[in-house]
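Please look over the structure shown here before reading on. The text then walks through its parts in turn.

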Amino acid sequence: MNNAKCSILNQIPRRRTRIIQCIYVVGFMDLFGVSMIIPLLSHHVKALGASPTVAGLVGSTYGILQLFSSTIVGSWSDVVGRRYSMLMCLLLSALGYCLLGMSTSIALFLLARIPVGLFKHSLSICRALLSDLVSEVERPLVMGHFNVASSVGFILGPVVGGYLTEHEGGFYTSSFTCATIFLLNTGLVWLLPWSDALTPCTNANSKSSTSKASCHDNDNHFTSTQQNCSHGNSNNQTTASAAAVTGSVAPEKNQRSWSWDLDWGEVSLVPSAWRQLSSVCFKISSVASSDMWDLFLVRLLMAMAIMLYYSNFSLAMEERFMLKPKATGYLISYSSTLGALAGFLVGPVTKLYSNNMPALLLHSSIFTCCLILLYAAAPSVWHVLLSSTFIAISTTIGRTCITDLVLQKGGAHASGTLIGAGQSVTAVGRVLAPLLSGLAQEFSPCGPPILGVGLALAAVVLLLVRVPKWDGRGKRKKA
């Protein structure tokens, strides 16, 4: 078989770079706007007269909605295309933050959190779009840079939000500013050169220098005819086609329609609701029945371990080392800044490992486990500073590794579904971690991080058992 480089984006690197840079801007503005609001939510709901219990229940609404909607919206983006799904998510999120700015009662506050909880998945769709645009070799580097851009927004947002809050009606000003940012993001996404984002195929094997044979436009849903890029056999490791990016643009007419039906040979501007629903359900069931439980379980265990590490950080610093909240805040900001900058290390580190992502994930998980243990047993603040320095780096690399492995094993034809499922798994951790932290803290201020060490150790053991099986499957496929 004649192997040839078939990615259009390889022929127009400047256009591809422009699209990717625009996605970085979208990620930065997204978290910049959200982080302006997050620190103010609990104060505002209490100012509306809510009791601590009601405030906790209202605050958990967002996490519960995210838990169930992440996978569905991610799968929906695979069906209707990244452009249409991202525009809808940004617009409805802007509506939610606008309603939040008008909330003068607990009922309106709760109503405003519903569209945000259901449709605030623009970052997940951005990651799926980046996965569509680049090859597996480039993906860790691009994902790392995207995490840097979004993390910087998350660091700067609270500063601006705190400044606006000092003025009268500051919360409402911050909410409307956040809604405006999402509307600006909508305009930026609308103006992106989507015709340049069409890519029939990219390198599907992260360990091979040869690209696969040319792929043609696929249907938007998982059940339709898909001409996968393969070398000898089809293996579900193909990159998403133009259909996943724009909603299937008809190649001979280069029209920006939202659906091109290869089976019926006709253009449909908006796929039927039933067709979208059946495609989404089929994608989710396919991921649920796939042999990726080990990756999702590792993600859950490591996410909960890191959440337990941070759960009572301020209180533990005060009780263990008599550290003032101001100094603790500086320490947290220092760690967050390092975590953002660590995204630049993802590309060089993956090259150092020759793109052996299972080994990199295993080593980063072991390193994270040791660092949490160091923090739990730290005899001085300097040991805490040392653990905070390196845990920010190891967790950033670990998150990128787990996302990349999920996309490798699941195939980029369902990248939106896979990334959404990963977000749902993390949401489960957000629900469980506070409960476990409270129980562990009854015994000792070091209880939550010690429990986190146990969970991280369980993830390491699982990786030690499963990684050889992943390599074995990979070798059989090559054979």
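Predicted model: local features only at pLDDT ≥ 70, side-chain atom pairs only at ≥ 80, totals over all residues.

Residues are numbered from 1 along each chain as its sequence is written, and side-chain values use heavy atoms, leaving out hydrogens and water.

The protein has 18 helices and two strands. Helices (H or I, at least four residues) and strands (E, at least two) are DSSP runs, numbered from the N terminus. Of the 479 residues in the protein, 54% are buried. Here buried means under 20% relative accessible area, exposed means over 50%, and partly exposed lies in between (1.4 Å probe, protein chains only). The accessible surface is about 21000 Å², and carbon and sulfur atoms account for 67% of that surface. Such areas come from the Shrake-Rupley method with a 1.4 Å probe, and for residues only the protein chains shown count as cover. Among contacts (heavy atoms within 4.5 Å) between residues at least 6 apart in sequence, 80% join residues at least 24 apart.

Helix α4 covers residues 82–101, which is 20 residues, and reaches 28 Å from its first C-alpha to its last, close to the 28 Å expected. The expected span of a helix is 1.5 Å times one less than its number of residues. In α4, 14 of the 20 residues are buried, so this helix is largely enclosed by the rest of the structure.

Helix α16 can be read in the same terms. The 30 residues of α16 should span 44 Å at 1.5 Å a residue, and its end C-alpha atoms are 43 Å apart, which agrees. Because 21 of its 30 residues are buried, α16 is also largely enclosed by the rest of the structure. Asp404 sits in this helix, which runs over residues 381–410. Is Asp404 buried or exposed? Asp404 is buried, at a relative accessible area of 3%. Leaving aside residues up to four places away in sequence, Asp404 touches Glu136, Arg139, Pro140 and Met357. Its C-alpha atom is separated by 9.7 Å from that of Ile419, 15 residues apart along the chain. After α16 comes Gly411, with a positive phi near 90°.

Two other residues have a positive phi without being glycine. Met322 has a phi of about 55° and lies in the loop between α12 (313–321) and α13 (325–341). Met322 is exposed, with 70% relative accessible area. Ser354 has a positive phi of about 55° too, in the loop between α14 (343–352) and α15 (357–376). At 55% relative accessibility, Ser354 is exposed.

Next come the cysteines. How many disulfides are there? The count is zero, where a disulfide is a pair of cysteine sulfur atoms within 2.5 Å. For Cys369, the closest cysteine sulfur belongs to Cys370 and is 5.6 Å away, too far for a bond. Cys369 is buried at 8% relative accessible area, and Cys446 is buried at 14%.

Leu464 lies in helix α18, residues 447–478. Together with Leu457, Val461 and Val465, Leu464 makes a nonpolar surface patch of about 350 Å².

Terms used: Patch = residues over 30% accessible without salt bridge, like charges linked within 9 Å, V, L, I, M, F, W, Y side chains within 5 Å. Salt bridge = Lys/Arg side-chain N within 4 Å of Asp/Glu carboxyl O.
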